[in-house]
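Please look over the sequence and the model shown below before reading on.

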Amino acid sequence: MSARVAHPQEPHHPAEKPVIHCHKCGEPCKGEVLRVQTKHFHIKCFTCKVCGCDLAQGGFFIKNGEYLCTLDYQRMYGTRCHGCGEFVEGEVVTALGKTYHPNCFACTICKRPFPPGDRVTFNGRDCLCQLCAQPMSASPKEASCSSSKCPQPPIDMSSS
């Protein structure tokens, strides 16, 4: 007795790779493909949501599932330095609820940046280094930061 097979066997083919589709345009990706996390893009489709610039060659940010170039991300979500007004990225200093570049967080009088870990005196209006915050002496010339470390000349308080 011979057995009959209900369905003829398919010839053996190696497993085909699943088709990868571009996250932006939905078309199948062939050739060079860019993968960002779990999503795939044609190189030409990986662009900034706001300005449309090419993101494949430079840095980018992901915000709310959207891909943004550094400039648009900063413009829309960035933090500005309270000292110079430019955007801050990387190392920052936060003091009294304000954000600064490390070199922009400086003594109001002598303009020297505060070294990390140094004591800063806030007098209600200004941030002062230890030298400039020293109590005023009787001599007007010694009232300001007169140390050789301070680049500013002493303030003449006699004209006040």
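Is Q74 buried or exposed? The sections below take up this residue, after a word on the model, and then turn to two others.

## The model and its confidence

The model is predicted. Across the chain the pLDDT averages 79, and 74% of the residues score at least 70. Over residues 137–160, however, the pLDDT is below 50. Beyond near neighbours in sequence, this stretch has 27 contacts in the model.

## Q74 in helix α1

Q74 belongs to helix α1, which covers residues 70–77. The relative accessibility of Q74 is 13%, and because buried means under 20%, Q74 counts as buried.

Which residues does Q74 contact, if its neighbours within four places in sequence are set aside? The partners are F87 and E89.

Strand β3 comprises residues 60–63, and F61 lies within it. This strand runs antiparallel to β4, which comprises residues 66–69; four bridges join the two strands. F61 takes part in this pairing, with L68 as its bridge partner in β4. Two residues lie between the strands of the hairpin, in which N64 adopts a positive phi near 55°.

With a relative accessible area of 32%, F61 falls between the 20% and 50% cut-offs and is therefore partly exposed. When neighbours within four places in sequence are left aside, F61 is in contact with E66, Y67, L68, C69, T70 and Y73.

## R125 in the loop between β7 and β8

R125 is located in the loop that lies between β7 (121–122) and β8 (127–128). How much relative accessible area does R125 have? The value is 68%, and since exposed means over 50%, R125 is classed as exposed.

The side chain of R125 is joined to that of D126 by a polar contact of 3.1 Å. R125 can also be placed relative to T108, from which it is 17 residues apart along the chain. The C-alpha atoms of R125 and T108 are separated by 9.4 Å.

How values were computed. Residues are numbered from 1 along each chain as its sequence is written. This is a predicted model: local features need pLDDT of at least 70, side-chain atom pairs count only at pLDDT 80 or more; totals for chains, interfaces and linings use all residues. Side-chain values use heavy atoms; hydrogens and water are left out. Buried means under 20% relative accessible area, exposed over 50%, partly exposed in between (1.4 Å probe, protein chains only). Contact means heavy atoms within 4.5 Å. pLDDT is the predictor's confidence in each residue, from 0 to 100. A polar contact is a pair of N or O atoms within 3.5 Å; within protein, one must be able to donate a hydrogen and the other to accept it, and residues adjacent in sequence count only if both atoms are side-chain atoms. Two strands pair if DSSP finds at least two bridges between them.
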